[in-house]
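Subject: Structure handover

Hi,

Here is the structure I promised to pass on.

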Amino acid sequence: MKKYFFTAATVALFAIGFAASDEETSSSNSSSESSVPQTEQKQETEAERQAREEKERAAKIKELEEKGYKAGYKAGFSATPAIYRTTDAKKQGKIYYSAGFSTPTSEEELELCNLFAEKYEEGFEAGYRAGQE
């Protein structure tokens, strides 16, 4: 008999505990929702999201420019005069971008590829001049 009594008492205590925690959770949610209008909260989140995405894009572009310049500098530094005269550095930069990242499939990716190629070309010129000195 004691075995059944303790089991029933334990189940009852758990049931009471779960019921109390559900009441606390629902009351805290309703009080926090009523203090801040949901539309204002949503607009603020949208503005923050846009700002975060803009920062991430700017950081990605800066990192891509640095990688393009460094890759071009390295290639230009090791280039011989014959290679330098016959190399289209911008085209090489686009090939390097496609191999290292991905082939551009959208307008945004094509824009990033062209930016990378421009910086690659700048780095190639600077690297070649530094290698000839």
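Rings of Phe, Tyr and Trp (its six-membered ring) count as a pair if their centres lie within 6.5 Å, and a pair is stacked with planes under 30 degrees apart, edge-to-face over 60 and tilted for the rest.

Before the rest, some housekeeping. This is a predicted model, where local features need pLDDT of at least 70 and side-chain atom pairs count only at pLDDT 80 or more, while totals for chains, interfaces and linings use all residues. Residues are numbered from 1 along each chain as its sequence is written, and side-chain values use heavy atoms, with hydrogens and water left out.

On confidence, pLDDT is the predictor's own score for each residue, from 0 to 100. The protein averages 80, and 67% of the residues score at least 70. Helix H1 (residues 2–35) has the lowest confidence, with a mean of 57, whereas H5 has the highest, at 93. Helices here are DSSP runs (H or I, at least four residues), numbered from the N terminus.

(The expected span is 1.5 Å times one less than the number of residues.) Its buried residues include Leu112, Leu115, Phe116, Tyr120 and Phe124. Buried means under 20% relative accessible area, exposed over 50% and partly exposed in between, using a 1.4 Å probe and protein chains only.

Back to the rings. The count comes to nine aromatic pairs. Tyr84 and Phe124 are stacked, because their ring centres are 6.0 Å apart and their planes are at 10°. This pair joins distant parts of the chain, with Tyr84 in helix H3 (residues 81–86) and Phe124 in helix H5, 40 residues apart. Tyr84 is partly exposed at 25% relative accessibility, while Phe124 is buried at 3%. Tyr97 and Phe116 make a tilted pair, 5.6 Å centre to centre with 55° between the planes. Here the link runs from Tyr97 in helix H4 (residues 89–100) to Phe116 in helix H5, 19 residues apart. Both partners are buried: Tyr97 has a relative accessible area of 6%, and Phe116 has 0%.

Now the charges. Eight salt bridges were counted, each being a side-chain nitrogen of Lys or Arg within 4 Å of a carboxyl oxygen of Asp or Glu. One of them joins Arg57 to Glu108, with the closest N and O atoms 3.1 Å apart. That pair also connects distant parts of the chain, as Arg57 is in helix H2 (residues 38–77) and Glu108 is in helix H5, 51 residues apart. Arg57 is partly exposed at 26%, and so is Glu108 at 43%.

An α-helix has 3.6 residues a turn, so residues three or four places apart point the same way. Finally, Glu46, Arg49 and Glu53 are joined in a network of salt bridges.

Cheers

How values were computed
Helix = DSSP H or I, 4+ residues; strand = E, 2+ residues; numbered from the N terminus.
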